[in-house]
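Reader: I am new to this. Please take me through one part closely, in short steps.

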Amino acid sequence: MHPFPAIAPAVARLRGPDPVEGAPTLLFCVGATKAGTSWLYDYLSGHPDCHLRGTKELHYFDCHDLDATWARSDVKARIARVEEALASAGPARALDLAAELADLKALLKLLRKPVDEAAYVAYLTEGRGEEKLVADITPAYSLLSAERLRGMAALLPDVRFLYILRDPVARLWSHVRMMARRRDGEGKVARGRAARILDGVIAGRETEIAVRSDYRGALERLNAAVDPSRVLVAFYEELLTVPGIRAVCAFLGIAERPADLGRRVHEGVALAMEPAQVRAARDWLRPQYEYVERTMGRLPQSWRRALTEV
């Protein structure tokens, strides 16, 4: 397997490929789920060198390739909520809601059609001025086939991929808590529900969560499909640092801008794992730790502690 560039504490500047004159760089952030992708979307959305649409996760390719029909239903539900809010909004708020509604309707139209790469690129770049970067930040893309990833890499002359690795146990537990909150009601996480979901993951029943823990599968598909110089693998624990942001900006070919490194986006409801749960999750995920260490040549210190501490 070819080595991917990776953020390390000592890396101050990580230069990506040279940009193509006149065409934007296209970034696909393909995960991982619960590994800082929403924070990255907010950071890039506010960056003057970047042009991102109003929806973070477009789900364009997984909607077609993995039959994620729920994505269309989700966009339709969001359209209904915005239309309801627009009906009673004041003039200033109405302008923002109207723009959001137009964006969502354009996305729904795109998702309803068969794969049309030209239409997809047109959607990404609509309204772009001189910004250097457009992006689609959809963690589900890590599940796509190597064939699809290879096609995505050829959509524009300069396409780059970012995959963020978070400590496997911490990522899994965050994902479990998110699913427990959704099933039990917004803002609430029952310990019993979370425990049953975690047990289901380890037993092979909760496959939707389990596949997002498969760093090996995602990295091997990326390696088979994309030139390694156009892939950056970042450890979540190092991404939200000044050197980490500097490295990402350098890789993407955009200017470094200050970041609110203490801000958390979609942070889950606090719920500690029981020691037995930690041990069970760690044993189940140990092959992922070992694979990442072999592939990246190292593990962050926090990952090493997670392998030994309870």
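**A close look at the helices**

Author: Arg181 sits in helix 7, residues 168–184. Helices here are DSSP runs of H or I with at least four residues, and strands are runs of E with at least two, numbered from the N terminus. The model is predicted: local features need pLDDT of at least 70, side-chain atom pairs count only at pLDDT 80 or more, and totals for chains, interfaces and linings use all residues. Residues are numbered from 1 along each chain as its sequence is written, and side-chain values use heavy atoms, leaving out hydrogens and water.

Is Arg181 buried or exposed? Arg181 is buried, at 15% relative accessible area (buried is under 20%, exposed over 50%, partly exposed in between, with a 1.4 Å probe and protein chains only). Val269 lies 88 residues away from Arg181 along the chain, yet their C-alpha atoms are 8.1 Å apart.

Now turn to another pair of helices. Helix 4 (residues 91–112) packs with helix 5 (residues 117–125) at about 170°, and their axes are 11 Å apart. Axes are lines fitted to C-alpha atoms over the stretch in contact, with angles from 0 to 180 degrees between N-to-C directions. So helix 4 is roughly antiparallel to helix 5 (over 145 degrees; under 35 is roughly parallel, 65 to 115 roughly perpendicular, the rest oblique).

Which residues meet? From helix 4 come Asp103, Ala106, Leu107 and Leu110; from helix 5, Ala119, Tyr120 and Tyr123. Contact means heavy atoms within 4.5 Å.
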